Amino acid sequence: MKQSTKGVLTGAAVVMVLLPWTILLLRQHAWALQSPAAEITIGSYAVFMIFSGIFTFYVYMKGKVQNYMMKLCLIINEIYAMAGVMALVMMAAGKFM
């Protein structure tokens with residue numbers, strides 16, 4: 001893989017690390033705290049975090065993009081992915097109870 005492609009993939013992983021924190025800015029609005037907007041927002045962020053974890057893992061393992069920044073992004077995005085799965089499970093459990 002070319003060095004420029006590795007840089008683009010690393011940059012995408014870095015953006016994926018930072019993007020979930022934008023929920024803090026979004027949740028300052030009153031409409032974002034009310035149902036169903038809150039469920040949709042949290043569900044969307046959870047799905048994105050799971051996708052970010054899968055994307056980063058795939059690029060790291062299959063794409064052989066194994067620089068220092070990508071290793072850091074891999075660790076953080078995998079933690080985010082686990083949190084996203086837990087959020088979706090809690091949301092689903094709340095619907096059934």
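Modeller: In helix 1, L9, T10, A13, V14, M16 and V17 meet M69, M70, C73, I76, N77 and Y80 of helix 4. By class, that contact of helix 1 with helix 4 has 10 nonpolar, two polar and no charged residues. Here Ala, Val, Leu, Ile, Met, Phe, Trp, Tyr, Cys and Pro count as nonpolar, Asp, Glu, Lys and Arg as charged, and the others, Gly among them, as polar. One caution: this is a predicted model, where local features need pLDDT of at least 70 and side-chain atom pairs count only at pLDDT 80 or more, while totals for chains, interfaces and linings use all residues. Residues are numbered from 1 along each chain as its sequence is written, and side-chain values use heavy atoms, leaving out hydrogens and water.

Colleague: How many helices does the protein chain have?

Modeller: Four helices and zero strands. Helices (H or I, at least four residues) and strands (E, at least two) are DSSP runs, numbered from the N terminus.

Colleague: How do I describe two packed helices?

Modeller: You give the angle between their axes and the distance between the axes. Helix 1 (residues 3-18) and helix 4 (residues 68-96) pack at about 35°, with axes 9 Å apart. The axes are lines fitted to C-alpha atoms, for helices over the stretch in contact, and angles run from 0 to 180 degrees between N-to-C directions.

Colleague: Which residues of helix 1 are buried?

Modeller: L9, T10, A13, M16 and V17. Buried means under 20% relative accessible area, exposed over 50%, and partly exposed in between (1.4 Å probe, protein chains only).

Colleague: Why do the buried residues line one face of helix 1?

Modeller: Seen down the axis of helix 1, the buried residues fall within an arc of 115°, so they line one face. The arc is that of the directions from the helix axis to the C-beta atoms. As a general idea, an α-helix has 3.6 residues a turn, so residues three or four places apart point the same way. The face of helix 1 turned away from its buried side carries the exposed residues V8 and L18. What covers the buried residues of helix 1 includes helix 3 (37-61) and helix 4.

Colleague: What about A81: buried or exposed?

Modeller: A81, which lies in helix 4, is buried, with a relative accessible area of 11%. Leaving aside neighbours within four places in sequence, A81 is in contact with M49, I50 and G53.

Definitions and conventions
Contact = heavy atoms within 4.5 Å.
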